[in-house]
Amino acid sequence: GSDLYFSRHDGQAVTCEDFVCAMEDASGVDLGQFRRWYSQAGTPILSVRDSYDANTQTYTLVVSQSCPATPGQSSKQPFVIPLALGLLGEAGNLPLRLAEEQPDHETADNTHRVLIVDKADQTFVFEAVAEQPVPSLLRGFSAPVRLEYDYSRESLCQLMSRDDDGFVRWDSAQTLALQVIAEVQEQLSRGEEPVVDQLLTDACKQLLADESLDPAMVAEMLALPSENYLAELAGQGAADVDLIHRARGAVRKAIGIAASDLLLSRYQNLDSAAAYMATGEQIAARALRNSCLSYLASADRGNLSLASIQLESAN
C-alpha cells in the first residue's frame, strides 16, 4: 500500500505509489495496472500448465494469475507480472521463439526471456522446440508471486543439477525436499519405518561432487526447509510439530548416511588455516563446511568429535 517508501536522491521519502504516478507523468505511459501492486493486498498466485506436441514441435504454456481475497478486497484485478523463464532439454537450455514471432538471427539462440503476464489467463506457444522440455520458471525470482506448477521429482532433479539460474536451482531443491519430507511424515504417521526417496539423496550427492559450483549456493541448496516453515505450510493449528521434527530429522540422517564420504571429503577440503576474514569467499566456504558437519553429525553421533575439534581449534 501507500505505506511503502523509498528515498529520493535528495533524501526525501516518497511513497512507491507516488513514484509510479511521477513516472507515468514523465513518460506519458499509462502505468495504472502497475499501481495495483500497491493498492491490492495479498500475494499473487501464478498457476502454470503446459503441453508439448512432438509432431508440430510446439510447446504451450497456459498461465493463470489470481490473488486471494483479503479484508475489504474480495476480488482483485490482474497484476503486471514479469515471468522470466527458460526451457531445459537433455543437452541444456533450448532456444526460445514464440509462435508467429519473426525469427531474429542475432538472438535466434536466445535461451532466456521474460513473458509479461497481465491478464487473468494467457497462453504462450513456443515453436521449433525439438524435445519435451522442463520449464525453468520464475528465473531470478522475477516477480514476488507464489508459483504453482506440477513438477515431477525427476524434473526437479534436472533443474537442481543442470539449470543455469541459481534461484531456480535452489527453489527446485526446496520443493523436492518438501515433497520427500511430506512423504516421510505420512510414513511415520502410519507407524512405518521411513524410506527416503533416493532421488533426493542422489541429487545432494551430485551437488557435493561438483566442486565447480559456488559453495554458498551448494550450502543453501543442501539446507532443508525449516521446521517453522513446514509448520506454517501445514496451516494454523494443523501442524504436528513432533511429526515434522521426526520426519525432517529422518531425511537429514538419510542424506548424511548416503553422502557421508562426499560430506567428509568436502568438510576436510574446506578446512583453512588462513586468518579469519569477512570475505564472500571465506563466508561461502565456512557455510558449506558447517553444512557438511551438520549432516555428518546427523548421520553418525561418532562424527560429533569433528565438531568438538572444530570448536577447540577455532580462531
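**Exercise 1. The partners of strand β5**

Task: In this predicted model, determine in which sense, and over how many bridges, β5 and strand β9 (residues 134-137) pair.

Solution. 

Step 1. Strand β9, residues 134-137, pairs with β5 over 4 bridges, and the sense is antiparallel. Within this pairing, leucine 88 stands opposite valine 134 of β9.

Step 2. Asparagine 93 of β6 is the bridge partner of leucine 88. Between β5 and β6 lie 2 residues, and the two strands form a hairpin.

**Exercise 2. A sheet of four strands**

Task: State the order of the strands in the open sheet of 4 strands, and identify which strands stand at the edges.

Solution. 

Step 1. The order is β8-β4-β3-β10, and the pairing is mixed.

Step 2. The edges are formed by β8 (121-126) and β10 (146-148); each has a single partner strand, so one side of each has no neighbour in the sheet.

Step 3. On average, neighbouring strands of this sheet are turned by 20° against each other, direction ignored.

Step 4. Strands β3 (residues 45-53) and β4 (residues 58-66) run antiparallel and are joined by 9 bridges. Arginine 49 stands opposite valine 62 of β4.

**Exercise 3. Helix α10 and its packing**

Task: Compare the span of helix α10 (residues 280-299) with the expected value, and name the helices against which its buried residues pack.

Solution. 

Step 1. The helix has 20 residues and reaches 29 Å from its first C-alpha to its last, which is close to the 28 Å expected at 1.5 Å a residue.

Step 2. Its buried residues include Leu288, Arg289, Cys292, Tyr295 and Leu296.

Step 3. The buried residues of α10 pack against α5 (198-209), α6 (215-222), α8 (241-258), α9 (260-269) and α11 (304-313).

**Exercise 4. Salt bridges**

Task: Give the number of salt bridges, and decide whether aspartate 118 is buried, partly exposed or exposed.

Solution. 

Step 1. The criterion is a side-chain nitrogen of Lys or Arg within 4 Å of a carboxyl oxygen of Asp or Glu. The count comes to 8 salt bridges.

Step 2. One of these joins the side chains of aspartate 118 and lysine 119, at 3.5 Å from N to O. Aspartate 118 has a relative accessible area of 24% and is partly exposed; lysine 119, at 46%, is also partly exposed.

Step 3. Glutamate 148 and arginine 146 form a further salt bridge, with the closest N and O atoms 3.9 Å apart. Glutamate 148 counts as partly exposed at 35% relative accessibility, as does arginine 146 at 46%.

Step 4. Between arginine 190 and glutamate 192 the closest N and O atoms of the salt bridge are 2.9 Å apart. Glutamate 192 is partly exposed, at 36%.

Step 5. A network of salt bridges links Arg153, Glu183 and Asp197.

Note on methods: Residues numbered from 1 in each chain as written. Predicted model: local features only at pLDDT ≥ 70, side-chain atom pairs only at ≥ 80, totals over all residues. Heavy atoms only, no water. Buried < 20%, exposed > 50% of the residue type's maximum accessible area, 1.4 Å probe, protein only. Expected span 1.5 Å × (residues − 1). Contact = heavy atoms within 4.5 Å. Pairing = 2+ DSSP bridges. Axes fitted to C-alpha atoms, helices over the stretch in contact; angles between N-to-C directions.
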